[in-house]
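Hello,

Here is the structure I promised to pass on. Please open it and follow along with the notes below.

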Amino acid sequence: MPVIRVPDAAGKTLLLMEYGEERFRAPPMAEEEVMKDIHNIPIRDDDVILCSYPKAGCHWLWEIAYMLRAGTTKVKEMEKIKYMMELTPQDELNKLPPKRILNSHTFFRQLPQKVQDGKVKMIFLYRNPKDVAVSFYNHHNKLYAYEYQGEFADHFTELFLKGETDYGDFFTYTRDWERVMDSRPDLPIFMLSYEELHADTFNKVKELAKFLGSSADDDTIHEIVDKCSFGSMQERKVKAETWTGEDIMYRKGKVGDWKNWFTVAQSEMMDQLIDKEMKGSRFQFQYTL
């Protein structure tokens with residue numbers, strides 16, 4: 001799998017891996033053999049697959065789902081990345097205990113056949129693209145692995161808006177998943193937005209618990225919500241290696257942080273692109289709470 005360097009508007013480069021005939025772009029720590037194996041991962045009947053575009057809040061929701069499936073907050077501390085299909089070798093995935101919450105940022109067509117056949121439950125999480133753009137910039141700019149230290153404006157126009165990041169274009173990814181859900185209503189998919197989860201955390205977690213068949217009662221769900229709060233996760237989760245020492249996986253966890261980064265012109269540029277790319281979509285993005 002070749003390593004590539006993708007330049008932003010100022011010539012600062014983002015280190016990525018490129019794989020396969022589709023030239024699928026993955027994080028620089030990805031391995032070719034693992035990427036090739038995604039479609040062939042043995043899926044168990046009790047697996048759940050969590051899917052999202054990067055920086056949509058997947059770490060938060062994974063933790064919630066992990067505790068819901070256990071029916072308690074008293075669980076062994078685990079990290080989402082150990083359950084990530086495109087970054088974890090198959091033999092390591094096979095060693096994980098029952099009731100796995102596997103996760104991926106890949107397209108639906110890249111997932112194992114048993115998943116595509118609708119044999120296991122899936123969760124699909126999405127987030128407004130303005131906050132995604134800001135979070136993705138900070139992810140790239142501060143994690144050692146990407147070897148990128150550019151400015152937000154240059155990253156926004158040349159990398160994010162043009163889909164030159166790992167996992168490609170936000171809109172292509174989102175509309176592809178929407179087409180799958182529209183054409184395959186039989187698929188057992190629980191869909192929610194990051195903003196909905198923020199605005200009404202208890203009730204959304206309760207809905208997810210019902211979908212998963214969790215034994216967690218209301219008191220346990222309240223405990224899970226508290227244990228998975230942003231502050232709690234910042235304190236207890238493993239920190240990623242960054243240039244600054246900042247916890248980039250749990251940076252702010254807010255809705256509307258884009259207002260601290262976007263110029264009026266950038267916001268209008270994004271609005272025009274959203275109107276063009278998401279016309280008629282079931283996804284209705286929420287930018288503030």
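Asp217, Asp219, Glu223 and Asp226 form a negative surface patch. Keep in mind that this is a predicted model. Asp217 sits in the loop between helix H9 (201-212) and helix H10 (218-227). Its relative accessible area is 43%, so Asp217 is partly exposed.

Now turn to helix H6, residues 152-160. Which of its residues are buried? They are Phe152, Asp154, His155, Phe156, Leu159 and Phe160.

Next, find Ala26 in strand S3 (residues 24-26). Ala26 counts as buried because its relative accessibility is 0%. What does Ala26 touch, leaving aside residues up to four places away in sequence? Its contacts are Leu16, Met17, Met35 and Asp166. Ala26 and Phe107 are 81 residues apart in sequence, and their C-alpha atoms are 12 Å apart in space.

Last, look at two lysines. Lys55 is not a glycine, yet it has a positive phi of about 70°. Lys55 lies in the loop between strand S4 (48-52) and helix H2 (58-70). Lys99 also has a positive phi, of about 60°, and is not a glycine. Its loop runs between helix H3 (90-95) and strand S5 (101-104). Are these residues buried or partly exposed? Lys55 counts as buried, because its relative accessibility is 12%. Lys99 is at 46%, so it counts as partly exposed.

Best wishes

Notes
Residues are numbered from 1 along each chain as its sequence is written. This is a predicted model: local features need pLDDT of at least 70, side-chain atom pairs count only at pLDDT 80 or more; totals for chains, interfaces and linings use all residues. Side-chain values use heavy atoms; hydrogens and water are left out. Helices (H or I, at least four residues) and strands (E, at least two) are DSSP runs, numbered from the N terminus. Buried means under 20% relative accessible area, exposed over 50%, partly exposed in between (1.4 Å probe, protein chains only). Contact means heavy atoms within 4.5 Å. Patches are made of residues with over 30% relative accessible area and no salt bridge: like charges are joined within 9 Å, nonpolar side chains (Val, Leu, Ile, Met, Phe, Trp, Tyr) within 5 Å. Accessible areas come from the Shrake-Rupley method with a 1.4 Å probe; for residues, only the protein chains shown count as cover. A salt bridge is a side-chain nitrogen of Lys or Arg within 4 Å of a carboxyl oxygen of Asp or Glu. Lys and Arg count as positive and Asp and Glu as negative; His and the chain ends are not counted. The place of a charge is taken as NZ of Lys, CZ of Arg, CG of Asp or CD of Glu.
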